[in-house]
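Subject: Structure handover

Hello,

Here is the structure I said I would pass on. Please keep it open while you read the notes below it.

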Amino acid sequence: MILSFAYNLLFITLATISSHSFQYRESWRTRCVNAATDESSAHFRIRGGGPLESASTDAARESDKLIKFYTLKGGMCPYAARTWMTLLELGIPFEMIEVSREDKEDWYHKINPRGKVPAIMNTKDGFVTYESAICDEYLSDLARHMDEDGPIEGNEIWKLMPTTPSERAVLRLLNDHVDTQLSPSQFTLLMNKDPEKETELIEKIEKALNVLEETLAGKGGPYLMGEAFSIADIHLLPFFLRLTVTLKHYKNYELPKEKFSRLLAWFDLCSKKDSVRQASKSNEEIIETYNRFLQVDYAFGGLNKNKN
């Protein structure tokens with residue numbers, strides 16, 4: 001009888017612990033879902049499911065926002081747009097803090113000594129980093145660290161980054177191609193004032209774009225790393241949007257469909273994602289901004305090679 005009573009007491013104790021553990025996990029999940037971004041609702045992804053709806057910004061508690069995200073006023077910077085998309089895709093709650101382009105407040109140089117955006121701060125441990133590619137990989141690593149379940153078996157992409165060292169290297173090489181080959185050719189063509197150079201510059205930009213077209217063909221698409229959306233897509237998207245808008249408007253140049261059918265299909269697909277729509281600007285906003293750039297013969301941080 002005493003033994004029976006002990007077994008019953010043990011069963012009740014274990015059941016109570018299990019119940020409290022479940023309630024804790026549900027409470028943690030509820031806090032994550034209720035944490036929203038500053039200017040738009042964050043999307044939270046769970047295993048095997050799509051985005052969960054988050055609460056409104058007004059209902060979000062400041063303490064729930066894991067990341068402070070620093071960007072230019074108006075959200076026009078394409079580099080910062082990369083990190084904005086990454087935060088939304090990963091479902092990491094964040095606070096958006098806008099930095100003035102004109103005065104670049106002194107306080108911000110304590111966050112990023114280079115005075116550029118984006119920069120991010122982890123509010124839990126105070127860690128700060130900057131440069132879009134570094135910010136995005138840090139956020140991916142952070143999301144992995146917080147995911148107790150680990151990657152779903154068979155998935156080649158986990159939290160926007162490949163699961164194997166070789167594919168991670170491939171992704172980084174793609175990002176480097178965008179930064180060192182595509183972007184310079186893009187802004188050099190846009191700012192060119194010599195009609196005799198126009199054909200040569202178009203050939204350069206198409207050569208850079210063809211690498212991405214061949215990547216989509218080799219990986220089988222629909223995304224740059226294959227079946228899943230990744231940081232490789234995010235790294236390209238804000239610049240590709242500006243490429244298509246500005247070159248059509250100022251240079252009367254559109255990507256030939258017969259040469260870049262996969263790339264154009266990729267852009268159309270990515271543009272339908274909530275994270276991309278929220279972190280992107282309209283064609284009109286882009287043209288308004290670039291009108292000012294053309295007036296001052298903007299160098300685009302050295303990407304405009306006409307200035308060299």
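Predicted model: local features only at pLDDT ≥ 70, side-chain atom pairs only at ≥ 80, totals over all residues.

**The sheet**

In β6, the bridge partner of Met-121 is Val-128. Residues are numbered from 1 along each chain as its sequence is written, and side-chain values use heavy atoms, with hydrogens and water left out.

Met-121 belongs to β5, and 3 bridges join β5 to β6, which run antiparallel. Two strands count as paired if DSSP finds at least two bridges between them. β5 and β6 form a hairpin with 5 residues between them. In the turn, Gly-126 has a positive phi of about 80 degrees.

What is the order of the strands in the open sheet? The sheet has 4 strands, ordered β4-β3-β5-β6, with mixed pairing. β4 (94–99) and β6 (128–130) are the edge strands, and each pairs on one side only. From one strand to the next, the twist averages 20 degrees.

The mixed pairing can be followed strand by strand. β3 (residues 67–72) runs parallel to β4, and 6 bridges join them. Tyr-70 stands opposite Ile-97 in β4. β3 and β5 run antiparallel and are joined by 4 bridges. Here Ile-67 has Asn-122 in β5 as its bridge partner.

The residues of β5 point two ways: Ala-119 and Met-121 to one side, Ile-120 and Asn-122 to the other. All of them are buried, where buried means under 20% relative accessible area, exposed means over 50% and partly exposed is in between (1.4 Å probe, protein chains only).

Helix α2 (residues 78–90) lies across β3, β4 and β5 (119–122), and runs at about 150 degrees to β3. Axes are lines fitted to C-alpha atoms, for helices over the stretch in contact, and angles run from 0 to 180 degrees between N-to-C directions.

**Helices around α7**

Which helix comes within 14 Å of α7, axis to axis? That is helix α6 (residues 198–219), whose axis crosses that of α7 (residues 231–251) at roughly 150 degrees. This makes α6 roughly antiparallel to α7. Angles under 35 degrees count as roughly parallel, over 145 as roughly antiparallel, 65 to 115 as roughly perpendicular, and the rest as oblique. The crossing of α6 and α7 is left-handed; a crossing has that name if the near helix is turned anticlockwise from the far one by less than a right angle, and is right-handed if clockwise. On the α6 side the contact (heavy atoms within 4.5 Å) is made by Glu-198, Ile-205, Leu-209 and Leu-212, and on the α7 side by Leu-236, Phe-240, Leu-243, Leu-247 and Lys-251. By class, the contact of α6 with α7 has 7 nonpolar, no polar and 2 charged residues. Ala, Val, Leu, Ile, Met, Phe, Trp, Tyr, Cys and Pro count as nonpolar, Asp, Glu, Lys and Arg as charged, and the others, Gly among them, as polar.

The axes of α7 and helix α8 (residues 261–270) come within 11 Å and cross at roughly 105 degrees. α7 and α8 are therefore roughly perpendicular to each other. Asp-233, Leu-236, Leu-237, Phe-240, Leu-241 and Thr-244 of α7 meet Leu-263, Trp-266, Phe-267 and Cys-270 of α8. This contact of α7 with α8 has 8 nonpolar, 1 polar and 1 charged residues.

Helix α4 (residues 132–146) also meets α7: their axes come within 11 Å and cross at roughly 150 degrees, and the crossing is right-handed. Ser-132, Ala-133, Asp-136, Glu-137 and Ser-140 of α4 and Ile-231, Ile-234 and His-235 of α7 make the contact. By class, its residues divide into 3 nonpolar, 3 polar and 2 charged.

**One residue, then the chain**

Ala-143 lies in α4 and counts as buried because its relative accessibility is 6%. Ala-143 touches Leu-90, Ile-92 and Lys-159, not counting residues up to four places away in sequence.

The chain has 10 helices and 8 strands. Of its 308 residues, 46% count as buried.

Regards

How values were computed. Helix = DSSP H or I, 4+ residues; strand = E, 2+ residues; numbered from the N terminus.
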